[in-house]
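Thanks for making the time this morning. I would like to walk through a few places in one structure, so please have the sequence and the coordinates open while I talk.

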Amino acid sequence: MSTVDKMLIKGIRSFSPENKHVITFFKPLTLIVGPNGAGKTTIIECLKLSCTGELPPNSRSGHSFIHDPKVRSPLSNFILHLLYLLSFLDVKVAGETETKGQIKLRFKTAAAKDVVCIRSFQLTQKTSKMEFKAIESVLQTINPHTGEKVCLSYRCADMDREIPALMGVSKAVLENVIFVHQDESSWPLQDPSTLKKKFDDIFSATRYTKALEAIKKLHKDQAQEIKTYKLKLENLQTLKDAAYKLRENIAQDQEKSESLKAQIKELERTIEGVENNILHAETTVKELRKLQDQISMKTSARSTLYKLQQTQYAALAEENEDTDEELKEWQSKFEERITLLETKINKLEREMNDEETKSSLLLQTINDTTREIGKLQAEADAHMSLRHERDLAIQRIFTKYNFGSLPDAPFSIDVALNLTNRMKTRLSDVEMELQERKNSNEMELKFLWDRYVTANARCSEVDSQKQAKYEAKSGILRRMKEKENERDLAERELSSLNLSHIDERERNLQIEVERKTVLLGEKDYESIISQKRTEIFSLDQKIKSLYREKDILASDSEDRVKLDMKKEEFESCKRKLKKLLEDNKERIRGVLKGRVPSDKDLKKEITNALGSLTKEYNDLNSKTMEAEKEMKLLQMKIQDSKSHIVKLQKDVDAKRRFLVSKLQALLQTPGDIDSFPNVLLESMEKRDVQKSKYNIADGMRQMFDPFERVARAHHICPCCERPFSPYEEDEFVKKQRVKSASSAEHMKLLAVESSNADTNFQQLDKLRMIYEEYVKLKKETTPLAEKNLEELMEDVTQKSQAFDDVVIILKMQLVGVLAHVKAEKDAIDVLLQPVETINRIWQEMENLKPQIEDLEYKLDSRGQGVRSMEEIQLQINSLQNKRESLSADVENLREEQKFLNSDLSNIQMRWHALREEKLKASSILHKVKKAEEDLVILVEEKDQIELDEKHLLEAVVPLMKEKEKLLQDYEDLKLKLDREYDEHAENKRGFQQDIEMLMTLNNRIKEYLDSKKVEKLKDLQERHGLSESQLQRCDTRKQEISTDLNKSKELMRNQDQLKRNIDDNLNYRKTKADVDELTHEIESLEEKVLSIGSMSSLEADLKKHLQTKERLLSEMNRCHGTLSVYQSNISKYKIDLKHAQYNDIDKRYFNQLIQLKTTEMANKDLDRYYNALDK
């Protein structure tokens, strides 16, 4: 149980804010006694506010609950009167005070823990109103572990909830029962709606209604959730079926992929064997072609050699009959003689070449010397012309600039240098003069410009002063306007106030306040009311003791009457129970299989029997639902299969249309899709043929240039190595070039045809994958899907037949079960009402037993009283009459005191209002005086500024004229000085250009003299004469050597004729031997060709093997394409399975099913709870 220990009150109503008042509450009872106005009710109000946070009635939102800041001590009244007097002296005082109140309550919680509740408030008196606010709310507890105080700050609303919870008593009970205010204690006599609300708050009756509404709302929300869960479950079922279908497709495609891989491996082994056969056949064909090439090459070489042999035989002057050894001996002797002659000829040729080289060097030396001499002579002539030009330039400058007399021309180098230095000195003097003139001009211009800047600054200063004066004048006018408005407003406010009337009203109210205060003190209402309340309290104690004695006397008779009534009621219930059991005994035995349970367990047994029957019926119903669900699943699979077949047919039609359109675009003729493999094969063969033609032509074209180079380099035929004559060589090269030029055009044509054939084949090859997908869809996928659909249809037919059989069996069983359940249910329904009545009577009997026993025990333990009931009643009536008269007197005194207090407070409030009005009038009067003084000062300032503006306007005109005159003088002088300076500068530039030209001529003359080209010219002339004499000697020696060389060559030619005859015989015999040898080699090669076989049979075998390879490759490519399709389908299915919607689909489906079932069970429990609460 919670108890209140202590309470501290500070600054609440009549409790002083400077002192702390502590009230201790003793056990088991604490009486609060005091005169009127002592604060007894305030204690109850503080208890109620601390526990519930509710302010007492008529507290004006807390303004009258906190200690009034205006109620002060005599010293405070003296200070207030002094402030009042100061207000007439225009002394400003602050009109704001405040009072802080605090309630600190210590109590024990329901758990017997000490808790201190602190609530603080503040009431502030402002100029026109009072402001109340709660400062803080704190709960202090003691930490059981450390023993330290723990403070927790709360908002007021949280504190209002926390304290009733700690006390274990509801806020309504604290507010309306325990700490009810005397002005609100009559709430049981108020209107029914308010009374109902109070009782509902006290007894918390609305909790059941709210609980029912919450259960109903929760039931509705869960029903909606069940619908949502069912939809989610159906969606998850669909996703689960789709995932199962994807896994099944992956398994099927993987099986087909494995079979295709095995087939591809078998095809690869077969292709490897065919490639070995092709390699052997190609090797044989290459060997045969090589032998044929050798035969043709040797045949052409033999024919070439045979033609050479006939040509050599025809060219022989005479056929020598000597042996080869003799001819070779003759050849070696001739060679020795020819070698000696060749050695002499070579020696003479070397000497001839040496002399020619020497003469050519001398000739080159003579030519170089001649060029150098001519060049130096030209430079000498140019030097003389430069000297002449220099002399003329000096004469022209001296004449133009009056430098005085000159010596006779031509001038020597020293004279020309002296004259040039004189001119350069004169130029430097001119430059210094020009610079001095420029400096003097700048100083004159600067002097004038400084005067202009000074005048301009004075003008700007006067303008800025004018602008400042204008702005100051505008600000003064604006301030004057504001002050006039402020003065007019204050005068209007002052005119509305009557100061003499206010003073008279204030004196009258002060006299009235003093009179009311004296009257209230003389009557001393609080002491009289306290005395009468003490008498009333003593009378109440006496009345309570008499009532207690009366109750003790009356309770015995009342308990005996109650005991008789309870026993009679118990016997009546016993008879009713026995009668009901006898009437329904047979029915109970029929329902419970011959058993009759005790009265206590009867209702439980009947309920269990009904539950078992309901469960059996629900099991049969659930089996039917599962069968129907399985049928629906099969029907959904059939629907998916049909949609899949329709989709496959659409894909087949789309691919067929696409292939037909592409074939028509490529072939430019209507094409059938079945002819696509033949079209692809023809395109591939055409591409190969065009490519082979292009390769052959390219190989032939690449041979033309090497043939031409070989023919030009070795003068032989590149094919048969036959020597070429110059004419034959030229004809061969010409033919090769013509063929190369014509083959270029042919190559371009073949390249275009090959590119077109290759492009056509590439486009058809791209369509091959689509064609294979089309064939697969048409011949494999679609039949497989139709087969699956047929299997599903057969499965559905079988299961539907089985389902129909099950349904028939279940219906037959259900009819029997339902008939049995119906009979038992009817019997139970008939028994339900009697069983409920039996259970209720039994409960009543169980409740009556302890009551009867308690009453019997009470009557045995009590004794008899002394006085009679009538005596006690007479004494109670007399004491009550006396108490009522005293209460009426107390109420009258309270009313009279309340009337006087209210009258006094009203008069005080009116007095304070008048004082505030008087203070306001004095402040307005002060404002008017201040505004008039400010206006006078502002008018003086404005007049002074206007006078200053007039003086500035008179001073600015001559300054402007002076500034313009100075600017014009500055511009005129600048123009004049610039013109004179430009003339002098132009003369100086002309003089400088003439001197620079003269300096250039002098530098060129000096460079020529420094280079010493005169001495070099004389030296070259001497060397030129010496080289000409040496050249004449070389020519004489060359003529002598040429005569000896011609004689030696003539002798060499005679020997050559004889040697050529011997060489021709030897070459003829060699060529004949080579022809015989080639004939023998050709015959041996032809025998090898006959042993190998014919070329046509080998090429036929090779073509057959190639066709077999192409067929196997196409089959393997088809298998690869089909395998890639299967693999792409597998990856696609796996990607689909990786989608978030298929992740843990079985687990999600199972969890959703559990959630749905548990929610349905919870909803059923909510129904039962609602029905139980509703009863």
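This is a predicted model: local features need pLDDT of at least 70, side-chain atom pairs count only at pLDDT 80 or more; totals for chains, interfaces and linings use all residues.

Where does Cys717 lie? It is in the loop between α13 and α14, the latter helix covering 726-861, and Cys720 is placed in the loop between α13 and α14 as well. Are these cysteines buried or exposed? Cys717 has a relative accessibility of 11%, and because buried means under 20%, Cys717 counts as buried; Cys720, at 16%, also counts as buried. As for their surroundings, if we set aside residues up to four places away in sequence, Cys717 touches Arg722 and Phe724, whereas Cys720, on that basis, touches Ser300, Ala301 and Thr304.

Let me turn to the helix pair. When two helices pack, the description rests on the angle between their axes and the distance between the axes. Here the helices are α1, residues 40-52, and α4, residues 171-178, and their axes come within 10 Å and cross at roughly 170°. Angles over 145 degrees count as roughly antiparallel, and α1 and α4 are therefore described as roughly antiparallel to each other. On the α1 side the contact is made by Lys48, Cys51 and Thr52, and on the α4 side by Lys171, Leu174 and Glu175.

Now for the individual residues, starting with Arg687, which sits in helix α13, residues 676-714. With a relative accessibility of 15%, Arg687 counts as buried, and its side chain is joined to that of Asp688 by a polar contact of 3.3 Å. Beyond its neighbours within four places in sequence, Arg687 is in contact with Ala757, Asp758 and Phe761.

The other residue is Thr124, which belongs to strand β4, residues 114-125. Which side chain does the side chain of Thr124 meet in a polar contact? The partner is the side chain of Gln122, at 3.2 Å, and Thr124 itself is buried, with a relative accessible area of 6%.

Terms used: Residues are numbered from 1 along each chain as its sequence is written. Side-chain values use heavy atoms; hydrogens and water are left out. Helices (H or I, at least four residues) and strands (E, at least two) are DSSP runs, numbered from the N terminus. Buried means under 20% relative accessible area, exposed over 50%, partly exposed in between (1.4 Å probe, protein chains only). A polar contact is a pair of N or O atoms within 3.5 Å; within protein, one must be able to donate a hydrogen and the other to accept it, and residues adjacent in sequence count only if both atoms are side-chain atoms. Contact means heavy atoms within 4.5 Å. Axes are lines fitted to C-alpha atoms, for helices over the stretch in contact, and angles run from 0 to 180 degrees between N-to-C directions. Angles under 35 degrees count as roughly parallel, over 145 as roughly antiparallel, 65 to 115 as roughly perpendicular and the rest as oblique.
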